[in-house]
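Here is a short report on one protein model. Please keep the sequence and the 3D view open while reading.

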Amino acid sequence: MELLPTIWFIAIAVLWTGYLFLEGFDLGVGMLMKLFARNDTERRVLLNTIGPVWDGNEVWLLTAGGATFAAFPLWYASLFSALYLPLLLVLVALIFRAVAFEYRGKVDSDRWRNGWDWAIALGSFFAAFGVGAALALTTTGLPLDANGDRDGGPFAWFNGYAVLGGLAVVVFALVHALAFLALKSDGEVRHRARAAFVRWVPLAALPMLAWSVAVQLIAGKPWTWALAAVAVCAVAAAWWLASRGREGRPFMALALFIAAAAASIFGAAYPVVLPSTLDPAFNLTVANASSSDYTLGLMSIVAAFGLPLVIAYQAWTYWVFRRRVSTDVIPAAHGFLPAIASKVLAGADGAAAGDAGKAGR
């Protein structure tokens with residue numbers, strides 16, 4: 001067994017799990033802007049629950065991609081080139097989503113806000129679906145030749161596993177967002193979110209469990225089957241706790257669910273990092289796709305210092321913004337005047353006042 005490549009395979013699996021857990025609920029909140037919120041005030045409550053943390057959550061995506069590039073350059077090259085179109089869609093979706101967060105409140109117009117609400121909802125959906133499809137394909141396989149190049153056209157990646165993975169992340173993000181809103185909001189939004197979570201979480205867990213079982217049937221091991229069973233128990237516990245009015249514990253039970261499900265999937269795939277559906281001899285593994293031991297050793301030293309700092313800072317952010325958000329603390333909607341326009345108007349008012357003074361003399 002290659003020690004350093006194995007350590008970095010585990011690290012990348014942990015980074016993707018962290019992304020699914022943290023970014024999962026804020027992607028879900030974005031989709032719920034159109035599926036759950038009933039008016040503009042409730043939509044602003046939803047935005048305020050994730051406002052301080054959503055951009056920090058995306059760091060996990062960048063770190064997972066960067067770690068893959070540095071630790072397993074052949075894995076990165078084959079995956080990102082084979083999935084060029086869906087990953088480009090993810091990038092565009094995240095850009096539109098980020099811009100929408102910033103621009104939504106700049107104009108006091110229902111039409112303006114509605115357009116950016118759709119940008120947030122659709123951007124969140126396509127980002128979640130694209131990431132889920134990519135992760136599903138990296139654990140079930142792509143049509144790769146001996147050079148690691150995609151065999152077929154630009155949509156050769158599109159298959160049932162891609163749809164299953166995309167659907168699994170989308171519906172998980174939705175119920176994860178409901179659990180988060182029950183924990184982070186107050187009033188009507190809180191109670192409706194908890195009731196919706198109890199209603200939908202058993203069904204929403206099925207695609208993720210189906211993905212896990214599919215990978216187990218391909219290359220499962222006894223301990224990864226056990227982890228899949230833990231995931232089933234975790235989602236059952238989340239439903240049971242939420243049905244009894246709990247909010248924090250169901251959210252943490254979902255954390256255990258995604259951790260166990262992701263560990264069962266990545267664990268079953270190991271040591272293959274990207275299977276080839278053309279010939280198993282073309283599989284990329286932790287041994288033949290990794291960087292040199294020197295590179296991995298240097299990365300390990302940097303990660304040992306940097307990763308705890310990132311985690312500590314993000315934990316501190318969540319602690320600072322831990323209070324619930326309700327419609328009572330949302331001010332009335334108002335327009336936004338850029339600073340430069342304010343200065344221009346102030347200058348114009350000053351000039352008008354000066355002219356009036358001269359006229360009075």
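Which residues of H2 are buried? They are Asp40, Glu42, Arg43, Arg44, Val45, Leu46, Leu47, Thr49 and Ile50. Buried means under 20% relative accessible area, exposed over 50%, and partly exposed in between, with a 1.4 Å probe and protein chains only.

This is a predicted model, where local features need pLDDT of at least 70, side-chain atom pairs count only at pLDDT 80 or more, and totals for chains, interfaces and linings use all residues. Residues are numbered from 1 along each chain as its sequence is written, and side-chain values use heavy atoms, leaving out hydrogens and water.

**The chain**

The protein chain has 14 helices and 2 strands. Helices (H or I, at least four residues) and strands (E, at least two) are DSSP runs, numbered from the N terminus. Of the 361 residues in the protein chain, 47% are buried. The C-alpha trace spans about 95 × 50 × 40 Å along its principal axes.

**Helix H2**

Contact means heavy atoms within 4.5 Å.

At the start of H2, a side-chain oxygen of Asn39 comes to within 3.2 Å of the backbone nitrogen of Thr41.

**Ser124**

Ser124 lies in helix H7. Ser124 is buried, with a relative accessible area of 0%. Its side chain makes a polar contact with the side chain of Arg97 (2.8 Å). A polar contact is a pair of N or O atoms within 3.5 Å; within protein, one must be able to donate a hydrogen and the other to accept it, and residues adjacent in sequence count only if both atoms are side-chain atoms. Leaving aside neighbours within four places in sequence, Ser124 touches Leu27, Gly30, Met31 and Arg97.

**Helices H10 and H12**

The axes of H10 (residues 206-219) and H12 (residues 248-269) come within 8 Å and cross at roughly 25°. Axes are lines fitted to C-alpha atoms, for helices over the stretch in contact, and angles run from 0 to 180 degrees between N-to-C directions. H10 and H12 are therefore roughly parallel, a term for angles under 35 degrees. Residues making the contact include Met208 and Trp211 of H10, and Phe257 and Ile258 of H12.

Key: Angles under 35 degrees count as roughly parallel, over 145 as roughly antiparallel, 65 to 115 as roughly perpendicular and the rest as oblique.
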